[in-house]
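Thanks for coming. I have one model to go through today, and I will keep to what the coordinates give.

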Amino acid sequence: MTERVRHEIEQTEDVMLKVVEAMRELKANDIVSLDLREIHTAVTDYFVICHAQSKTQVEAVADKIIDKLRDEMHVKPYHSEGFENAEWILIDYIDVIVHVFLEPKRSFYDIEGLWADAKCERYDED
């Protein structure tokens with residue numbers, strides 16, 4: 001595994017927006033981004049969070065994100081985990097960390113509450 005280096009990609013915001021686009025394409029629910037750049041203890045610049053109604057949809061959303069960023073931006077994740085049970089899949093792009101939850105797990109872990117100091121952007125369904 002390669003060494004983790006923050007600010008490795010120049011197009012951090014573009015990556016974050018491409019993640020949101022992939023989530024929307026597969027009808028993920030309650031999509032939000034948390035801007036962590038002003039929080040000095042944060043390990044990343046952005047969290048992008050959504051949830052789905054089934055494990056199948058959780059996995060499909062995560063796969064769509066990985067494929068879309070690879071194909072359209074030539075960006076690969078540094079690390080991913082959670083595909084085994086598809087209740088909480090984390091995809092780490094170093095400066096953007098993606099969380100795709102099964103709905104009850106999102107409520108339980110409450111990442112938005114844990115990082116309440118971050119600027120929160122909501123992407124309502126059209």
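I will go through the overall fold, then the cores, then a few individual residues.

First, the ground rules. This is a predicted model, in which local features need pLDDT of at least 70 and side-chain atom pairs count only at pLDDT 80 or more, while totals for chains, interfaces and linings use all residues. Residues are numbered from 1 along each chain as its sequence is written, and side-chain values use heavy atoms, with hydrogens and water left out.

Overall fold. The protein chain has four helices and six strands; these are DSSP runs numbered from the N terminus, with helices being H or I of at least four residues and strands being E of at least two. Read from the N terminus, the order is α-β-β-α-β-β-β-α-α-β. The radius of gyration is 13 Å, close to the 14 Å that the globule rule gives for 126 residues, so the chain is as compact as a globular protein of that length. That radius is taken over C-alpha atoms, and the rule is 2.2 Å times the number of residues to the power 0.38. Along the principal axes, the C-alpha atoms fill a box of roughly 35 × 35 × 30 Å.

On contacts, meaning heavy atoms within 4.5 Å: among those with a separation of 6 or more, 68% are between residues 24 or more positions apart.

Now burial. Of the 126 residues, 46% count as buried. The cut-offs are under 20% relative accessible area for buried, over 50% for exposed, and partly exposed in between, with a 1.4 Å probe and protein chains only.

Which residues have the most contacts inside the largest nonpolar core? They are Met23, Ile65, Ile91, Tyr93, Val96, Val98 and Val100, in a core of 29 residues. A nonpolar core here is a set of buried Ala, Val, Leu, Ile, Met, Phe, Trp, Tyr and Cys residues joined through side-chain atoms within 4.5 Å. At least two residues each come from helix H1 (12-25), strand S2 (46-52), helix H2 (55-73), strand S4 (88-92) and strand S5 (96-102). H2 gives the most, with seven residues. Another core, of 12 residues, lies apart from this one and includes Ile49, Leu90, Phe101 and Ala118.

Leaving out residues up to four places away in sequence, Val100 touches Met23, Cys50, Val58, Val61, Ile65, Glu87, Trp88 and Ile89.

Next, two backbone cases. Ala86 is in the loop between strand S3 (79-81) and S4. Its phi is near 55°, a positive value in a residue other than glycine, and at 4% relative accessibility Ala86 counts as buried. Ile94, in the loop between S4 and S5, also has a positive phi, near 70°. Is Ile94 buried or exposed? Buried, at 3% relative accessibility.

Last, the loop between H2 and S3. Lys76 is placed there and is exposed, with a relative accessible area of 65%. Its C-alpha atom is separated by 25 Å from that of Cys120, 44 residues apart along the chain. Tyr78 is in the loop between H2 and S3 too, but counts as partly exposed, at 22% relative accessibility. The C-alpha atoms of Tyr78 and Ile97, 19 residues apart along the chain, are separated by 9.8 Å.

That is the set. Questions are welcome.
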